[in-house]
Amino acid sequence: MGALRIAVVGSGPAGAFCAQILAEEAGREVAVDVFERLPAPFGLVRYGVAPDHKKIKSITASLGEVFDAPGVRFLGNVTVGADVTIDELRAHYDAVVLASGAPLDRRLGVEGEQLAGVVAARDFVSWYSGHPDAAFDTSLLAAARAVVVGVGNVALDVARMLVRTPDELRRTDVPAHVIEALAGHAVREVCIVGRRGPDSAKFTNKELVELGEVEGADVIVSPEELELSDAQQAGLARTPAAARLVASLRKLADREPQGRERAIRFLFNRTPVGFVGDASAAVTAVRLARTTDPAVVEELEAGLVLPAVGYRSVPMPGVPFDESTGTIPHRDSRVVDGEQAVPGLYVVGWAKRGPSGVIGTNRLCASETAAAILADADALSERGAGAETIDELLRSRGVAVVDWSRWLAIEAAELKLGEATGRERVKLHDRADMLTAAGGLGR
Ligand code: NAP
């Protein structure tokens, strides 16, 4: 019985956990190739988890161990869908696991969303995380007020990063140009706007408490924002997590502002119904309707609006896609086309479940996907996957693959850059610089 040959598309936590579980728990020989579009591994752990959440980011150490295991390879800087197709992967491997995440942003679908200055939170996150493809116009930081739409953990991340002090930022691995832009920016107030009441906020209490501890801003919650109906109050008794959140928000409401340089303000029961722009098509204000009384509409001036309202997966050529959920349809992790399972095709992570849960949620999700593959193993080995390796195909197309040793060279360059500037680590954010550090790769 030869090795079961598996391709994993995406090296974020879902893909990395899946490779790890397959390598460690298969009970048979496996060969796992993990494909990654970027020259760097770990997906949202590197490019989504906030830079000041170093403890969460440190999971990369254990996630990365899988690439030291025999039979597991990292193939970075390879775009599945461009450099190699899903069908080609299916022809070369016994099984293909889609761990492609949710790279699109949900849209609000309101007038004026296309105005300059209305920027998906992900674009801001990608920029401060040093993503090689990030594009964020730093002149937007000249705005006096920023509005963050949505009350999930991403909303808190971007609000917190907007008020971090230069010293706090220097303790992270963000590139120097990010520190420079965030060090003296003009934004004085960051409003975080939730469409439902405080009892329905999606952020976690730990993140809220952390926000209350930032040095650079007063966190302001007016008591009227926390007024609850009898039904909402009764609901708190049934949902301890919501009760904890409301209790933490009440503590923040009780605090006296300290006159800090910046302020973060929570507004609940309001939803954007439009964005107002000036003659140059730049946003100047957000129109907010009260969800408790839609006839009440107020305008809040803002030169930067960051919708943080969730993510969607992206359809891949040759792979079924459910537009209504924004995910890849599956039955027990096996990708389905209508009622039919697509032989040898599996899904894991946000592409499977939608964009929810914490990093650890992906471990359970990955173990389900790995179990499905292993249950199908006999049939998969009979699929007659091509014997020639994928390496030859990629070489013939001139794809500069960043393997694990080349990634370690990029990492070493980041540590060296940190050392040279008195910081622990500084991320390389330019793709060409990353490829140079990887050993003079040309693309
Ligand atoms: P999320 O938790 O789903 O929050 C999305 C927010 O956007 C909700 O408040 C939602 O309100 C609101 N929203 C959605 N559509 C809207 C619309 N049309 N108009 C106004 N508001 C709208 O998503 P997320 O913040 O992007 O986070 C994604 C996942 O990553 C979550 O599981 C999160 O916990 C995780 N994450 C974790 C951390 C951490 O642990 N530190 C950090 C970042 C992200 P409704 O509730 O009313 O729909």
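Let's start with what Glu36 touches. Leaving aside neighbours within four places in sequence, Glu36 contacts Gly10, Ser11, Gly12, Phe74, Leu75, Gly76, Asn77 and Val78. Contact means heavy atoms within 4.5 Å. A word on the basis: this is a predicted model, where local features need pLDDT of at least 70, side-chain atom pairs count only at pLDDT 80 or more, and totals for chains, interfaces and linings use all residues. Numbering runs from 1 along each chain as its sequence is written, and side-chain values use heavy atoms, with hydrogens and water left out.

Back to Glu36. It is in strand S2, residues 30–36; strands are DSSP E runs of at least two residues, helices H or I runs of at least four, numbered from the N terminus. Glu36 counts as buried, because its relative accessibility is 8%. Buried is under 20%, exposed over 50%, partly exposed in between, with a 1.4 Å probe and protein chains only.

Next, the record. An unreviewed UniProt entry lists Ala14, Glu36, Leu44, Val80, Trp350, Gly357, Val358 and Ile359 under "binding site". They span 346 residues in sequence, and the farthest two C-alpha atoms are 25.5 Å apart, so they do not all gather at one spot. Such annotations may be inferred rather than shown by experiment.

Take Val358. It is in the loop between helix H13 (350–353) and helix H14 (361–375). At 60% relative accessibility, Val358 counts as exposed.
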